[in-house]
Amino acid sequence: MSGETTPERADASTQAPIPVAFFVRGKVVAGDAVRHRSRDLGVDFATPEIDLNALVTPRSELPPLLDVPVKEIIDFLVECGERMDFETNPYMQEALEHTVKVNPLPRRVIENLFRSAKQYVSREMLTTSVEANFGNPAVLDGWVERTDVYGNKGALRAFPPRMVHMLAGNAPANALHSIAQGALVKAINVFKMPSSDLFTCVAMLRTMADVDPEHPVVKSMSAVYWKGGDERIERTIYRPQYFDRIAAWGGGEAINNVIKYLGPGIQLISFDPKTSISMIGAEGFQSDAVIDEIAELAAADATVFNQDACLASRFMFVEGERKGIEKFCAKLQERLAVDRFSASADSPPPPSDIRNEVETLQLMDDAQTWGRFDGRGLVVLTEEPVGFHPTNKTVNVVHVKSLDDAVKYVNVATQTIGMYPLERSTALREPLASAGGQRVVRLGAAAKIVLGGAHDAMFPLQRFVHWMSVEDATSGGLY
Amino acid sequence: LESCEAVRSGFIFAWISPSSRLAGGEYFMGQAVDTLLEYISREDAYTIPYADVRQLQVAAINERFQERIGKIKLLALRAKEAEITEIKRLEDVVPLLLPHTAYKSYPESVLIEKRWDRLTKWLDTVATYPVDNVNLDGVDDIDDWVERLAQAGHPVGCSSGTTGKSAILVASRGDNDWVCKDYVVAAAWGSGVKPAQDREVFGTAVVIATVRNEAIGDALAAAYGVPGKGRFPYPVPPITVGSIARMVALRKAIADGTAKPGDIPEYEATSAARQKAMDDAVGICADALIEARPRSIFIIGMWASTYKVAEEIRNRGYCGKDFTGDNTCYIAGGLKGAKLPDDYREYIYETFNLDPARNFQMYGMQEIGSSMPRCREGGRYHIPPWLVCLPLNKAGDELLPIGESEIEGRAAFFDLSLDGRWGGVISGDRIRVDFGPCKCGAHTPSIRDDVVRYSDLEGDDKISCAGTVDAYVRRL
């Protein structure tokens, strides 16, 4: 999505720049030495200068969390999470007031995301995550002894990494997910904040510092902003001597910049930019009652973050009776224009390229459409997927002969596939995985998760850590 | 080229407007348009105060609207949606301006599946004149298709999408005549060098081979070049729409996962051969310019490629003192991503002994037919009365208030000269436009010489977990 698609706030540039604070290894850093303009809404803000020496922890220092058991880390995160309600937490309140100025999502949706953020630090989520990623979580807390088939002894530890987390710009409050991930692997963390979410990460870290300013989790965390692609910063710090891993939520130019700096010793763990889809079998179009039900489920999947989320469905492949499918399209359009927990009835209207292409399809009799170019839902029914990327509550319903024919439209960028009925996935899941798909869910449940699952076809925490091995081999082996 | 005959035969600009016709039986349609187009033959084309033509421009846009609404299907659709039946104020035309991307809105699959009938049908939705007279028998690639359209009276222009689709811009023969005339008039005003058929014309840029670009080159050569000499064409194989389309098709196939590994080296071999031709061209062009150095030269090029030629000339031991002091140039703006030293302009001027004051620069775009020459004293691009500048907000849906001071916004134009397609276009450029007088003494609205694309301004700072498979295709 381009920033051009978001509304401008006309008075933005005439106001004083919004102050943005940093958080560096447990301490708030204020200052307004550097002026910036936010990418999406063109709002001016000012940050302190980044002190690179303070930001990078030398390798001669052991990670602050090294000797803190995971259980204690989880206890601390859960306790902090309980204090993150924006109704009662002044840091979060202030962050909300500023976030609405720089993020294109409507205030009510941002409030809801703030409300739901603490699920990322629920005890169940954290515990399951550690267990799913590490099998034996003891590797995080110490050296786990092992003996091979020849009787050689060794010990293995998931040693804390030094990490930069490039936070996603489209999901305010998701910073807490990255904070939790960084804490669980006991990393030394630098969060690179996006210009559309400059406040929540620091507000969360300040909340944590209020719980215990000396806690090693707090001491392991820094959050700063620089303009993505700023070579002065990136060329300096993206070096294996300073960081082992860069975890990035997203793709495009921001990632292309990082790729330049990858090499031996510094790895990218990328939560790649994704497109999600739905597949609806002929079973869905046989009665009005079922059509109503699946239209609501499909709309719920399509509208997450007003369709600016990786798991938000954009293409819906359908098979079956045309008449039922047309009814579904009409109903879906109605349901797209509904206020939801993570979506608003009105979203910014689709960008002009979508309008151009849809108008062209209409003029060439290649598409039936429901709705208008007003951000309240547009459904485009075609025989083949459209050439544009549907955004801003635009859904392309593609009528295929059979769901098997839809598999060819799945590619390496396909993340979530909402299926109706879910039983159809038994026959489709292998071809879908082979094509690049990553996750099949019940239609309507794209934003729900089964705890402990893979993310973007991997177990990321396992890839974050520095696997250190101590070996005492006397026989067997290679030479 | 036939279409530029008028320009060659002594620069008598007898413009016969295609808009002069009776419509509705009540008033003479096209009067305002004609009056404004006639400025091209007048001395004050680039100096007349905006206030003198403002009202006439609104009337002229309405004339164009009334003529075209029944012809251009996309315009009719837009007008119906916006419930517009008449243009009474500039604001009224804003919903009817087509974004530059409208000319890329054809389904990509038609190129890949070679559905020329479908592509023609698409073109018909944006064309003024019905595109139903084109013989599509035996058309194999898009270059053939473009040629057949030209034969049927629909010269098609194209823009190069470096990674994506090309815009396909339908025009009429009248449009090409106009462009030729417009460029020569603009060049003469902007450079202060009167066309006197007294210099050798050199091309130093790689341009897309379209009827329009060829015609402009020929027109400038006819106006400024020594008769019978022709122009020295930059010696590289032309970039055709077909070559761009093949690249786009391969990219799409890679994204879809259907490209075979063997397809990629095949394409890369073609690219490598092209790169070699580009490298060789620099030396060939440098030699030709060195040979021509005792005579007056007119260089038509772009900054990046002209810089390379200049470097080669210096490498061979020649510089400004070897060239006459009478040279002139038309170098199109924008570096298009090329990295050049800060003093690249001075380096080029010095190499060819060019007086910067005799250098013609202009602001224009493939989507419109008319150009805006840069004045010498103020360094600003001047907008003639037949081209209406409509500064919009960044979102491109609101006209900014036009007042005394300079306005920053998204550039949109209504080109009253455009015949073969709708004249209203929204660009991707951010401009600063002033509707008051310029330091140079001209009173036409003028644009500051710092035009940038909004997409370049936004930079690399966007990060989102939502994205498309485009991010998974490495640049070819």
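Which residue takes a positive phi in the hairpin of β15(A) and β16(A)? A:G375 does, with phi near 80°, and the hairpin has six residues between its strands. Before we go on, a word on the ground rules: this is a predicted model, in which local features need pLDDT of at least 70 and side-chain atom pairs count only at pLDDT 80 or more, while totals for chains, interfaces and linings use all residues. Residues are numbered from 1 along each chain as its sequence is written, chains are lettered from A and ligands numbered from 1 in the order in which they are written, and side-chain values use heavy atoms, leaving out hydrogens and water.

Helices (H or I, at least four residues) and strands (E, at least two) are DSSP runs, numbered from the N terminus, and two strands pair if DSSP finds at least two bridges between them. Strand β15 of chain A covers residues 368-371 and pairs with β16(A) in the antiparallel sense over four bridges. Here A:Q368 stands opposite A:L381 in β16(A).

β16(A) also has a parallel partner: strand β17 of chain A, residues 394-399, joined to β16(A) over five bridges. In this pairing, A:L378 has A:T394 as its bridge partner in β17(A). Strand β16 of chain A, residues 378-382, is mostly covered, with five of its five residues buried (buried means under 20% relative accessible area, exposed over 50%, and partly exposed in between, with a 1.4 Å probe and protein chains only). A:L378, A:V380 and A:T382 point one way from the strand, A:V379 and A:L381 point the other way, and all are buried.

Further along chain A, look for β18(A), helix α16 (residues 425-435) and β19(A), which make a right-handed β-α-β unit. Right-handed here means that, with the strands pointing away from the viewer, the path from the first strand over the helix to the second runs clockwise. Strands β18 (residues 414-420) and β19 (residues 439-442) of chain A pair in the parallel sense over four bridges, and A:G418 has A:V441 as its bridge partner in β19(A). In the loop between β18 and α16 of chain A you will find A:P421; the peptide bond from A:Y420 to A:P421 is cis, with omega near -15°.

Finally, turn to two loops of chain B. B:E83, between α4 (73-82) and α5 (90-93), has a positive phi near 55° although this residue is not glycine. B:E83 counts as exposed because its relative accessibility is 71%. B:K114, in the loop between α6 (108-112) and α7 (116-126), is another residue other than glycine with a positive phi, near 55°. The relative accessible area of B:K114 is 42%, so this residue is partly exposed.
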